[in-house]
There are 2 protein chains.
Amino acid sequence: MTQKLNTYLKENAGVTDQQLEEISDKLQFRTFQKGEFALREGQVCHHIFYVEEGLLRQYSIDHLGKEHIIQFANERWFISDRSSLFFNQPSDFFIDAVEDTKVVMLDTDFFSALSDISPQFRRYNEYILQNHIRQLQNRVHLLISASAEARYLDFIRLYPDLIQRVPQWMIASYLGITPESLSRVRKELTKNKE
Amino acid sequence: MTQKLNTYLKENAGVTDQQLEEISDKLQFRTFQKGEFALREGQVCHHIFYVEEGLLRQYSIDHLGKEHIIQFANERWFISDRSSLFFNQPSDFFIDAVEDTKVVMLDTDFFSALSDISPQFRRYNEYILQNHIRQLQNRVHLLISASAEARYLDFIRLYPDLIQRVPQWMIASYLGITPESLSRVRKELTKNKE
DNA sequence: CGCGTGATTGAAACCCTTCAAGTTTAGTGG
DNA sequence: CCACTAAACTTGAAGGGTTTCAATCACGCG
């Protein structure tokens, strides 16, 4: 058992060492090099990835070959195609490494197994899901109501650390605009600061 | 206990009559007339609403006074501001009735209480949450990658019944476009069919 | 009937995209 | 450590999709 996920679950979800022992067979460890795929379109997703170090992203490629980034996951975040995982369907998405990344791969039933033996984790799991819903709802709200500039400002407010680590064109893709547009938005913003 | 939620939980989540008895104090029944509010911006949301009959919508109003619809909920759907409910914060949203609507109002702890006494419901609750995430992810994906026309086509594919029940300007608001744009999109579509 | 709400249509404006070119940055091999 | 190259970022001009504003039309309801 890795130290980090261990610590994370003990601190945040009140999971005990003994409980972690019981389900240790549902874990694998891996590293992905920058650019390496954790999931490809068409595959069924069999794991939830917990990022110990590094950065993963989930994205689709449309019929014009353009990438659309659904989610980033850096340290202490879970990422997965829950659609594919939970409903056992081929994924529409890719997941790959933006940086060299160390992950823990959790089996499909890791969460339910841990839920069965730990009521505290059960609540924590619900917290994770509710939080995910909240975040997605926020994003939908921004996408239907806010300009490119407002969305960018929200992004840097929410994920200030990612700005340093993610190339600008990926942020543009996450925001649903072109790299050129983001460049111009940033130019405007520095202008107004002076 | 209303017949409909009762039946729903028994059929979909394997909940027993006895279990339903135990938590019957966490339920209230209400009707909302068309236009009546179930939740206003600034209030803390204390319930999850299960729609037995009718149609609710959740939306925000921006600084220009424009409405942005986050979600519709018709028969057999749950709706709530989970952000406000789960994290006990004032809501950014309104929920009101698009049609006269009969609902069951579930207390904040209804779901966790039922989860504690029914492992089957626990899994069903997780299913609901996962499904919600899947739906929201899909919507984010459409919003960052698809044109107004494509988003509208997706809407009528997913919610064919709502087309009949929801005024066009609300659909536009849900899609993140103006009523005028939606009108033009529809005009184009009928043209191409001929 | 007349009023209000929702839907449509047109013209101009605006935001963002596209395409193309140029500049900067980062990584690689000599 | 420099030279080279590819990738990322910037900038400009033209175009497209969507919005805005205003006017008109359609419909249901008191």
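Which elements each supply at least two residues of the surface near DNA strand C? In this predicted model, they are α9 (179-193) of chain A together with α8 (168-175) and α9 (179-193) of chain B. Helices (H or I, at least four residues) and strands (E, at least two) are DSSP runs numbered from the N terminus. The model is predicted, so that local features need pLDDT of at least 70 and side-chain atom pairs count only at pLDDT 80 or more, while totals for chains, interfaces and linings use all residues. Residues are numbered from 1 along each chain as its sequence is written, and chains are lettered from A and ligands numbered from 1 in the order in which they are written.

Around DNA strand C there are 15 residues, of which A:Ala148, A:Ile177, A:Ser181, B:Gln168 and B:Ser183 come nearest; a residue is near a strand if its C-beta atom, placed from the backbone, lies within 6 Å of it. With 6 residues, α9(B) gives the most to this surface.

Between the protein chains, 24 residues of chain A are in contact with 24 residues of chain B, contact being defined by C-beta atoms, placed from the backbone, that lie within 7 Å. On the side of chain A that touches chain B, two or more residues come from each of β5 (67-73), α3 (82-87) and α5 (119-145) of chain A. The largest share, 15 residues, belongs to α5(A).

Leaving aside neighbours within four places in sequence, A:Phe49 is in contact with A:Ala38, A:Leu56, A:Phe78, A:Ile79, A:Ser80, A:Val103 and A:Met105.

Definitions and conventions
Contact = placed C-beta atoms within 7 Å.
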